[in-house]
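Me: Hi! I have a structure open and would like to talk it through with you. Could you take my questions as they come?

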Amino acid sequence: MTKIISAENISKNFNNGPWVLDNISLEIQKGDFVSIVGASGSGKSTLLTILGGMDLPTQGKVFIDDEDITVLKESRLAKLRRTKIGFVFQFFNLAPYLTVEENIILPVILNGGKKKDYTKRLDYLLDYLGIAQYRHKMPSKLSGGEQQRVAIARGLIFEPEVIFLDEPTGNLDSKSSQNIMELLAKINAELGTTILQVTHSGKNAQYGNKIITIQDGKIIER
Ligand SMILES: Nc1ncnc2c1ncn2[C@@H]1O[C@H](COP(=O)(O)OP(=O)(O)OP(=O)(O)O)[C@@H](O)[C@H]1O
Ligand SMILES: [Mg+2]
């Protein structure tokens, strides 16, 4: 087993307020599919954001591939987010005035890359995620499940080692939820992408090979 992410004694508070995360340590191995569960307000999204280098812990260290990301310069962190990490959110966060394919390629453009260098990757992802027929459509013409597949494709554009998902099915009906979860299991098994998802659903949590339960900012079960 190869470790991909580790957190050492991370704690987080906002503006000197109460501790939202309280001395959390964990290790995630390459190829893991981890589900983070817990009540609303327990600190799940905060933990995911810190593990993905989108925010800093108040105390403690986070390592991705043995690199302490809490001390990285913003430019290096941006590169790491670009190359190693993909993010997917509950509300899809697609740009409404861009087509499906423009949305998927957007991270490339934002990073100063050229669309033509990614056309093969784009075609592959559209096909792999079953959304090729929508490539020139606007997101508003798609169902929630289809929009979330577009968001997943966008998260995979740089072939990340890890994909972070915060309540990826929180806005979907049960059939679409199951579809998305099966797709994530397929991505994990076939592409070897490490997956970290936050979920409220016990059923969705079961797709993970590890379940981490958070209560009041502490891990109470793993
Ligand atoms: N930027 C912030 N500033 C101040 N407090 C925050 C901030 N972000 C989160 N919190 C607080 O931290 C606690 C944990 O929030 P977090 O969003 O991590 O919970 P969660 O487990 O993801 O909840 P939910 O299931 O409702 O999404 C909450 O009490 C929240 O109000
Ligand atoms: Mg949350």
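This is a predicted model: local features need pLDDT of at least 70, side-chain atom pairs count only at pLDDT 80 or more; totals for chains, interfaces and linings use all residues.

Me: Let's start in the strands: what stands opposite Gly38 in β9?
Reply: Ile214 in β9 stands opposite Gly38.

Me: Thanks. In which sense do β3 and β9 pair, and over how many bridges?
Reply: Strand β3 (residues 33-38) and strand β9 (residues 210-215) pair in the parallel sense, over five bridges. Two strands count as paired if DSSP finds at least two bridges between them. Val34 stands opposite Lys210 in β9.

Me: And how does β9 go with β10?
Reply: β9 and strand β10 (residues 218-221) run antiparallel and are joined by three bridges. Thr213 stands opposite Glu221 in β10. The hairpin of β9 and β10 has two residues between the strands, and Asp216 there takes a positive phi near 50 degrees.

Me: What's the strand order of the six-stranded open sheet?
Reply: The order is β6-β7-β8-β3-β9-β10, with mixed pairing. β6 (85-88) and β10 stand at the edges with a single partner strand each, so one side of each is left without a neighbour in the sheet. On average, neighbouring strands of this sheet are turned by 25 degrees against each other, direction ignored. Angles like this run from 0 to 180 degrees between N-to-C directions, with axes being lines fitted to C-alpha atoms, for helices over the stretch in contact.

Me: Which strands does α5 touch on that sheet?
Reply: α5 packs on the sheet and touches β6 and β7 (162-166), and its direction makes about 165 degrees with that of β6. Contact means that the C-beta atoms of two residues, placed from the backbone, lie within 7 Å.

Me: OK, helices. At what angle do α3 and α5 pack?
Reply: Helix α3 (residues 100-110) and helix α5 (residues 144-156) pack at about 30 degrees, with their axes 7 Å apart. α3 and α5 are therefore roughly parallel to each other; that label covers angles under 35 degrees, with over 145 being roughly antiparallel, 65 to 115 roughly perpendicular and the rest oblique.

Me: Which residues meet there?
Reply: Val100, Asn103, Ile104, Leu106 and Pro107 in α3 meet Val150, Ala153 and Arg154 in α5. The residues of this contact divide into six nonpolar, one polar and one charged. Here Ala, Val, Leu, Ile, Met, Phe, Trp, Tyr, Cys and Pro count as nonpolar, Asp, Glu, Lys and Arg as charged, and the others, Gly among them, as polar.

Me: And how far apart are the axes of α5 and α6?
Reply: The axes of α5 and helix α6 (residues 174-191) are 9 Å apart, and the two pack at an angle of about 20 degrees. That makes α5 roughly parallel to α6. Gly144, Gly145, Gln148, Arg149 and Ile152 in α5 meet Ser176, Asn179, Ile180 and Leu183 in α6. This contact divides into three nonpolar, five polar and one charged.

Me: Switching topic: what surrounds ligand 1?
Reply: Phe14, Val20, Gly38, Ser40, Gly41, Ser42, Gly43, Lys44, Ser45 and Thr46 surround ligand 1. A residue is taken as near a molecule or strand if its C-beta atom, placed from the backbone, lies within 6 Å of it. The shell holds two nonpolar, seven polar and one charged residue. α1 gives the most to it, with three residues.

Me: Where does α1 lie?
Reply: Helix α1 (residues 44-51) lies across β1 (3-13), β2 and β4, running at about 125 degrees to β1.

Me: What sheet has those strands in it?
Reply: An open sheet of four strands, in the order β2-β1-β4-β5 with antiparallel pairing. β1 and β4 pair over five bridges, and Ala7 stands opposite Val62 in β4.

Definitions and conventions
Residues are numbered from 1 along each chain as its sequence is written. Chains are lettered from A and ligands numbered from 1 in the order in which they are written.
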